[in-house]
Amino acid sequence: MKRKFTFILIIFSLLLVSCTRDTITKEISSEGEPYLQEIWNFSEGLAAVMIDWKYGYINKNRELVIEAKFDEAYDFTNGLAKVKAGEKYGIIDFRGKYVIDPIYEDIKLYSENLWLVNLDGMYGLVMKDGKSLLEPKYNTILSALNNIYLIEIENEWGYSDENGNIIVEPKYRDIDYYPDNEMYIVNENGKWGTLDKNGEELISPVYSNRLFFSEGLAPVKINNKYGYIDKIGNLVIEPQFDHGGIFSENLACVNINYKYGYINKKGEFVIDPIYDSGSKFENGIAEVDLKGYEGTIDTKGNNITELKYYDISPMRNSLFSIYLNTDEGYKYGAINREGEEIISPKYDFIEYFTDDLLKFKLKDKIGIMNEEGRVYLEGVFDEINSEKFNLIEVVSNNKKGIFTEKGIQLTDIEYDSIEYFDEYMLVVEKESNKGLINTYGKNITEIEYDDIRLPYSNRQFIPVKKNGKWGFIDREGNILIQLRYDDVKSFSEGLGAVKIKDKWVYIDKNEEIIIE
């Protein structure tokens, strides 16, 4: 089932409890002192560790405050952590007490106070305090607007309120919520109708076409002809059309006798049915087709442009792309809402790249221009990747460089890869070596490191590797922790996990071993 409206999918792919498992396991004997075989970063004062092949939590005094008895353990977030006992997951608090018993195949954090749980392949919702909101008996749970949950069992849909009270038991083949109309569109036995938010029937499910309400009316098919009903099911326009579109700007595009025109809410033709196709009106403009040529008209049916294009499509910001035959073949350009040519039709394609910039292709090369057709980046690149932090990544001969969105070149096109660290710096790679540059294209470090990791937590301590050894640098490229460790993780809450030979320990900013 394809969902066309604003839902937040909270099935198995939802946000995992916030953590990053950057771990390395070391096999040691369980005899003697309980060594830390595996360690994570500190989160809310505790760090998950492995002792004798089980996970528990230590504090910064190396005290085992939560017994090492779990098969998996994750970071604490808002006082709670996800753990695995045997093959089942649960949630514990700072004391190691179960808030949610380990009976689930998986648990995902849905919101600050709500968890999605999976029990025997079925989904439910559990509150932060462990109380059940929705029993785990549903194949799918979707969150609609206004704190409503859509629930599905074996392809039948219903919904509950925010407190988990079932308003409509799952019985419909399909269901969608339309907040603008404060109603649910439902399909029962292949027929469509509507319900209100309390589950009361507004329109009986008797229509073969899906109901789309716009400006208070929806087209319906009755005896192979289309008419229009209002929100409570009254027939407002008698069924007489071969097809009916939705109302927009008080007009609807309809088909009668294989021709399209536009009617008002009385069912009267305002624009005669003379076209082979037509779109809905947006901002006073509709696209129409006649004998294979397209153009635009206003709400009175007057031509805004000639019907001479092979394709005309709305873009954004009042621009329309046009496609027509020129002396150089079929090419793309753009016109404004008045039909004035803004961008000459000479491009192999044009499309929006950012909110106000367009990417174009000309003779197999890519460039960037603004909405007035002013070229910022000439069409000389093999590819131009998406803009981020007002920077544009270009590709030429498999090498990458950085430009501003106004076309100012910041770096040479010489890098094998570019990765955004944050809004102030980037990680660049050249001939298998990495370095940091700022967003003005200036080097922060030399391109000399074997690797640079994006830290999970404290971004003032950046893990770098050179000649096989790891350490940390700051955001200006200065060495904070000497590059002499076999591996490192992020600094978190004042401590960093580093590996010395075969042993993981926690050090402070002065490289003193605090926990081993």
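How many strands form the open sheet in the order 29-30-31, and in which sense do they pair? This sheet has 3 strands, and the pairing is antiparallel. Strands here are DSSP runs (E, at least two residues), numbered from the N terminus. Two strands pair if DSSP finds at least two bridges between them. The structure is a predicted model, in which local features need pLDDT of at least 70 and side-chain atom pairs count only at pLDDT 80 or more, while totals for chains, interfaces and linings use all residues. Residues are numbered from 1 along each chain as its sequence is written, and side-chain values use heavy atoms, without hydrogens and water.

In the 29-30-31 sheet, strand 29 (277-278) and strand 31 (293-297) are the edge strands, each pairing on one side only. Strand 30 (residues 286-290) runs antiparallel to strand 31, with 5 bridges between them. Ala286 faces Ile297 of strand 31 across this pairing.

A second open sheet has 4 strands in the order 6-7-8-9, again with antiparallel pairing. Strand 6 (72-73) and strand 9 each have a single partner strand, so one side of each lacks a neighbour in the sheet. Strand 6 pairs with strand 7 over 2 bridges, in the antiparallel sense. Opposite Ala73 stands Val83 of strand 7.

The largest nonpolar core holds 24 residues. Such a core is a set of buried Ala, Val, Leu, Ile, Met, Phe, Trp, Tyr and Cys residues joined through side-chain atoms within 4.5 Å. Buried means under 20% relative accessible area, with exposed over 50% and partly exposed in between (1.4 Å probe, protein chains only). Tyr57, Ile92 and Ile107 touch the most other members of the core. Strands that each supply at least two of its residues include strand 3 (47-51), strand 7 (81-85) and strand 11 (114-119). Strand 8 gives the largest share, 3 residues. Contact means heavy atoms within 4.5 Å. Beyond four places in sequence, the contacts of Ile92 include Tyr57, Ile66, Phe70, Val83 and Val99.

Tyr184 lies in strand 19 (residues 183-188). This tyrosine is buried, with a relative accessible area of 0%. Leaving out residues up to four places away in sequence, Tyr184 touches, among others, Ile148, Leu150, Tyr159, Asp176 and Lys197.

Strand 51 (residues 495-500) is mostly covered, with 5 of its 6 residues buried. Strand 50 (residues 487-492) pairs with strand 51 in the antiparallel sense over 4 bridges. Asp487 has Lys499 of strand 51 as its bridge partner. The two strands form a hairpin with 2 residues between them, and Glu493 in the turn has a positive phi of about 55°. Strand 51 also runs antiparallel to strand 52 (residues 503-507), joined by 5 bridges. Gly496 stands opposite Ile507 of strand 52. This hairpin too has 2 residues between its strands, and Lys501 takes a positive phi near 55°.
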